[in-house]
Amino acid sequence: MPVNFRIADTFTDSLAKLTGEEQKLVKTTAFDLQLNPASLGLGFHKLDKAKDKNFWSVRVGSDIRLIVHKTAAVVRFFRTTA
């Protein structure tokens, strides 16, 4: 079953707050995730304290994370944190 990717408004809002170089890193990571959602190199970490257990953090750089909501069928980009 193919995975569908969706972008939440909160993602684009948080992306706009980053520098141009940081935006480039986030977009590259999001693209890599779309090419291979199972890639171990992306550094997925489950957000243990989230009420919904489908929230994950994906490492973009040493101080930037991409927050995603991941199920078997859909990955939704929610926000970036820096």
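My notes on the helix, the ring pairs and a lysine follow.

**Ground rules.** This is a predicted model, so I kept in mind that local features need pLDDT of at least 70 and side-chain atom pairs count only at pLDDT 80 or more, while totals for chains, interfaces and linings use all residues. Residues are numbered from 1 along each chain as its sequence is written, and side-chain values use heavy atoms, with hydrogens and water left out.

**Helix α1.** I began with α1, residues 9–16, and looked up its buried residues: they are F11, S14 and L15. Here buried means under 20% relative accessible area, exposed over 50% and partly exposed in between, with a 1.4 Å probe and protein chains only. Helices (H or I, at least four residues) and strands (E, at least two) are DSSP runs, numbered from the N terminus.

As a reminder to myself, an α-helix has 3.6 residues a turn, so residues three or four places apart point the same way.

On the face turned away from the buried side I found the exposed residues D9 and A16. I then checked what covers the buried residues, and the list includes β1 (4–7), α2 (20–35), β4 (65–70) and β5 (74–81); contact means heavy atoms within 4.5 Å.

**Ring pairs.** My search of the whole structure gave four aromatic pairs. Rings of Phe, Tyr and Trp (its six-membered ring) pair if their centres lie within 6.5 Å; planes under 30 degrees apart count as stacked, over 60 as edge-to-face and the rest as tilted.

One of them is F5 with F77, stacked at 6.0 Å centre to centre with 20° between the planes. F5 lies in strand β1 and F77 in strand β5, so this pair ties together parts 72 residues apart in sequence. F5 is partly exposed at 24% relative accessibility, whereas F77 is buried at 1%.

F11 and F77 make a tilted pair, 5.7 Å centre to centre and 35° between the planes. That pair links helix α1 to strand β5, 66 residues apart. F11 is buried, at 5% relative accessibility. I noted that ring pairs link F5, F11 and F77 into a cluster.

**Lysine over rings.** Lastly I looked up K70, which lies over the face of F44, 4.3 Å from the ring centre. The charged end of K70 also sits over the ring of W56, 4.5 Å from its centre. The test is NZ of Lys or CZ of Arg within 6 Å of the ring centre and within 35 degrees of the ring normal.
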